[in-house]
Amino acid sequence: METRKYNSSPEGDISTSKANKGRGWKGLKGQAALALAVSLWIAGGGVALAEENPVTVGSSETVYYVYNGEKTDTSPSVPEPEGDKTGYNTIIDGGKVNIDAYGGYSYSGGDANYNTVTIKNGGKVYADAYGGYSYSGGDANYNTVTIKKGGMVNSGVYGGYARTGNANYNSVTLIGVNVNNVFGGYVLYDTGGGRTNIHNTVSMTGSTAEKVFGGYVESYVTGNALHLSGANTVSKTIKNFETINIGKSLDENGTLVNVPATWGTPVLTLTGGDGEGIVRNSYGRKAKIDASALTFANPETIANGATMNLIQCNNSATITADLAATTTTHVYTLTPVTGVTVDAALQGVLSIPTEKNALVYTASNKVTKLNLGVNSNNVQASIPWSTGTTYYTLPNSYKFAFDGNTAIDASKLTFTGLDQTAKTGDAMTLLSNATGITGDHITQPTKTSYEYELTPLTGLMINGAVTGRIAVNSGNVNYQVTGNNASKLTFTDVEWKDSGALLNHATTLSNVSFNGAAVDTSNINFTNIKELAANKKMTLVSDFGDSVGTITGTKYKVSTALEGEGTASLVGKDLIFTAKTGTDGKPDVKSAEWTHSAVMGATASVAALSAGNDFVGTATDGLSMGSNTGTDGVSTFANMGGGSMRQETGSHVDSHTWNAILALGHQNEKKSGTTEYGAFFEYGIGNYSTFNGDIRGDGSMHYTGGGLLGKWTSPRKDYIEGSIRLGTIKDDASNVLTDGAGNTYGYNTSTGYYGFHLGYGKIFDYSGGRSLDVYGKFFYNHRNGVSFDAGDHYDLDAINSQILRLGARYSMRTSDQWKWYGGLAYEYEFNGDATGSVTAVGITSAIRGASTKGSSLRAEIGATITQPDSPWTVDLNLTAFAGKKRGLTGGVGLKYNF
């Protein structure tokens, strides 16, 4: 704690000091100003704290006097110290003081302010204890005496004692002790009526005294307060207080705090030893008894309507006082069990009977709100569901009352374990023994349903929900199930039944209502049969109900790849599935839609070969350029790159490929034209994803091959070019085939491919190293057919790709090292059809085909970098597609001249 010293009085010019004999503050206005000024001064840290001058009388010590930081261990004459005595702290810690104990003691011409005396741990004072004592003319203000349990003062206890001065703002705190007379402040001689004895405090906690005074001067009681907590006894008189506060106490820091009372035990007992008790102050003024902040320990145990005496007068003692308030309210909250919170209000009506022999408290203890599903501080807490049980019974020790005004807030109520086993009418008592509750004010749960998902048999999934509400019955708060309804039945891999029902609702899940539930048979697959005739019927659910919701699904499957048309419908109360077409070899047999992914995967491999078209083209262009030809007519070319492409097929395929080509060529120049020819090796690898509605498949592929290329250019810059290629392409389709039930099927294939391309173009040269190449090219690629087994047997036909490209490329040289180019072209795929069939249970059915036929636009941009005196040339290029195929590819080309 910070301590500060001041050479002058903290009151300054507005004090009640010796200089003006305390007469500068007559009247309430002056006293209020004094109180405000001193309070502000204290708040600013201006008090010379008593901790500056401590003196302790320890447990092994016996002294005669202790005062002003000193103690005498022999019997002296009465000390006569002079001057102001401020900031002294006397601690009697188990020791003995044979005569008097003082904090600050001024005998002549001085004030005694801001001093303390603390008696604890069995410390004893055999005469009087004074916080501050001014004998001649001075004041005794802001002094404190604290006596803790075990401490003793044999005679009087004075917060501040001024024989002829003022004694204001002093305090006495008694904690579990027995004393005689207690004075908050004491002025012996009010000479001329100019002395004040105000704003003094006495705090009693479980203590006993004979007489208790706020101040000794009867004409001044302003601000004098008595605080009572625990069980206290006064055998004679309580006098000269402005207020008597019940249920309050000063703590060790001097802060006023609320202290809960104990029901049935009076806070104050007046035994009437002198026939007075609480007496009227001078001029007929009465103290005000204030219990407005009164609280009780364990308020829930106080019976509604019960009464007790807060103040009990025995013998001839009486109460002459007014009530500051006639009612008191104690709001409290209990969380007796997880998920149940009780908000209650203990209200008291205070009265003093005609006989003035008691202060009577009449209790009204009622629950204002019952919160379900939350703990204290409104934290949500779920309650475990258990049909037919009671979650919590209020104990008989709880004496509060419920009535028609009690609100029930279940807005946050949730349960764990409330599932498909519940049936309409099931109930659980959340709270019992709530006698008097009516349920007139209920906030129903915000969560109105508890969803669940179950699989009562293979291939049938049921989505449902339990609903319920809060109800009150005979003092019990219940949660009642109002419905258990299926929202959707989904059929996948189930057994076909020629008789009986797949699910008998009368015996299975009869507590769950299927009325109005949606039915989804879009992926129904009959697992125990190989074929099914048209118009065959099967009972999916017997005793389904009176109505059915939306029915989804117009097809069914058998084996792993055959599909027929069929649908479910409600016939009477039964849910019936009817096969409209069969899968028994009749003309209406069809393959399942998901088999379409197999031919889509085949188009992905052709797309990879088509990406190789551009790499063959760059090799042809690169080897034919004179600048790329060595002195012996031989040049090499290498190009690698990759890209991402979406190919529309009716559905679509996304592929990511990486391609590379290595070529070696020779060039012959003659007057009739230049001929370039060479051979190349090519390689490509990539992965792809097929998308057919909600059905997705994934796979990867790579190809390896080679070929020959050639180009003739006339002196007028007309040219003809061509190439042939062949190799092997492999497809690793680990999960391209995914049936409607989520089962995946993989396969691996390897087959040959071949292709060629022909092109014609003309180059127009312009000044400044600029040129325009206008061309037309035709590309043909063929991928052989394949066969594989993936659940059933698949035969995929050969695929032919025929692409015509018409376009132009503009080039410009900006330096000896840099040449830039850009071009636009139109492409059209004439074929690109992927077809096939699947054979299941001896029945062969065509797979819905895929096609890449259609138009696309192609844009390119690039740069060629040649370093002087270097055999290396670098070609950077980027190509974008839009239309039937969309995406980006890019590459880096390297040429080497021998």
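## Aromatic pairs

The structure, a predicted model, holds 44 aromatic pairs. Y130 and Y161 are both buried.

F415 and Y450 form an aromatic pair that is also edge-to-face, with a centre-to-centre distance of 5.9 Å and an angle of 65 degrees between the planes. Because F415 lies in strand β37 (residues 415-416) and Y450 in strand β40 (residues 449-457), the pair ties together parts that are 35 residues apart in sequence. Burial applies to F415 and to Y450.

## Charges over rings

The ring of Y450, which pairs with F415, also has a charged group over it: the charged end of K447 sits 4.9 Å from the ring centre. Y450 itself is buried.

A further arrangement of this kind involves K762 and F764. Here K762 lies over the face of F764, at 5.5 Å from the ring centre.

N89 is located in strand β6, which spans residues 88-93. Its relative accessibility is 9%, and the cut-off for a buried residue is under 20%; N89 therefore counts as buried.

The side chain of N89 has a polar partner in the side chain of T116. The polar contact between these two side chains has a distance of 2.6 Å.

The model contains 3 cavities of 30 Å³ or more. The largest cavity holds about 610 Å³ of space. Its lining is made up of 43 residues, and those nearest its centre are S610, D614, R805, R858 and F881.

Helix α2 (residues 596-624) supplies the largest share of this lining, with 12 residues. By residue class, the lining of the largest cavity divides into 18 polar, 13 nonpolar and 12 charged residues.

Notes: Residues are numbered from 1 along each chain as its sequence is written. This is a predicted model: local features need pLDDT of at least 70, side-chain atom pairs count only at pLDDT 80 or more; totals for chains, interfaces and linings use all residues. Side-chain values use heavy atoms; hydrogens and water are left out. On a 1 Å grid over the protein atoms alone, a cavity is a set of points where a 1.4 Å probe fits but cannot get out, and a pocket is an open set with protein on both sides within 12 Å along at least five of seven lines; lining residues have an atom within 4 Å of a point. Grid points are joined across faces, edges and corners, and a volume is the space filled by probe spheres set on the points. Helices (H or I, at least four residues) and strands (E, at least two) are DSSP runs, numbered from the N terminus. Ala, Val, Leu, Ile, Met, Phe, Trp, Tyr, Cys and Pro count as nonpolar, Asp, Glu, Lys and Arg as charged, and the others, Gly among them, as polar. Buried means under 20% relative accessible area, exposed over 50%, partly exposed in between (1.4 Å probe, protein chains only). A polar contact is a pair of N or O atoms within 3.5 Å; within protein, one must be able to donate a hydrogen and the other to accept it, and residues adjacent in sequence count only if both atoms are side-chain atoms. Rings of Phe, Tyr and Trp (its six-membered ring) pair if their centres lie within 6.5 Å; planes under 30 degrees apart count as stacked, over 60 as edge-to-face and the rest as tilted. A charge sits over a ring if NZ of Lys or CZ of Arg is within 6 Å of the ring centre and within 35 degrees of the ring normal.
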